[in-house]
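Subject: Structure handover

Hi,

As promised, here is the structure for you to look through. My notes on what I found in it follow below.

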Amino acid sequence: MGFKDVRTSVIEKLKSGDIQHEARGSIDVKNLMSTGQVSTDEVIEYLKVCRGDQYSTMKHKDDNSVDVHVFKPVVEKVEWYIKCYVLEPDVWFISVHES
């Protein structure tokens, strides 16, 4: 699945509420969506402006069969870092914060 397909899938899951947040340390600064400091609507807008050269993928540190998607959109001169993966039916967010 390429950048546009992944981005569309993640946005659709955000819109439908099919989201989870991965447990992690420093969640109050590493996943601002899970703490309510950033809304799902804001994340959708960040993803909409993300370009293909602001996207990368890697394997999940705990499961090599899972692709982790990293989006680094720039919004009003601020680079955001959004890291997530899809395990149907949900998208799991690891990070949502400013870079």
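The largest nonpolar core has 21 residues, and V10, L14, V43, L47, F71, I82 and F93 have the most contacts inside it. By nonpolar core I mean a set of buried Ala, Val, Leu, Ile, Met, Phe, Trp, Tyr and Cys residues joined through side-chain atoms within 4.5 Å; buried stands for under 20% relative accessible area, exposed for over 50%, and partly exposed for values in between (1.4 Å probe, protein chains only). At least two residues of this core come from each of α1 (3-16), α3 (40-49), β5 (78-87) and β6 (90-98). The most, 5 residues, are given by α1.

Please keep in mind that this is a predicted model: local features need pLDDT of at least 70, side-chain atom pairs count only at pLDDT 80 or more, and totals for chains, interfaces and linings use all residues. Residues are numbered from 1 along each chain as its sequence is written, and side-chain values use heavy atoms, with hydrogens and water left out.

Leaving aside residues up to four places away in sequence, I82 touches V43, Y46, L47, H69, V70, F71, P73, F93, S95 and V96, where contact means heavy atoms within 4.5 Å.

Next comes Y81, which lies in strand β5. With 17% relative accessibility, Y81 counts as buried. Its contacts, again without residues up to four places away in sequence, are V70, F71, K72, S95, V96, H97 and S99. From Y81 to H97 the C-alpha distance is 5.4 Å, although the two are 16 residues apart in sequence.

Now for the chain as a whole. There are 3 helices and 6 strands, taken as DSSP runs numbered from the N terminus (helices H or I, at least four residues; strands E, at least two). Their order along the sequence is α-β-α-α-β-β-β-β-β. The radius of gyration is 12 Å, close to the 13 Å that the globule rule gives for 99 residues, so the chain is as compact as a globular protein of that length. That radius is taken over C-alpha atoms, and the rule is 2.2 Å times the number of residues to the power 0.38. Of the 99 residues, 39% count as buried. Among contacts with a separation of 6 or more, 47% are between residues 24 or more positions apart.

Best wishes
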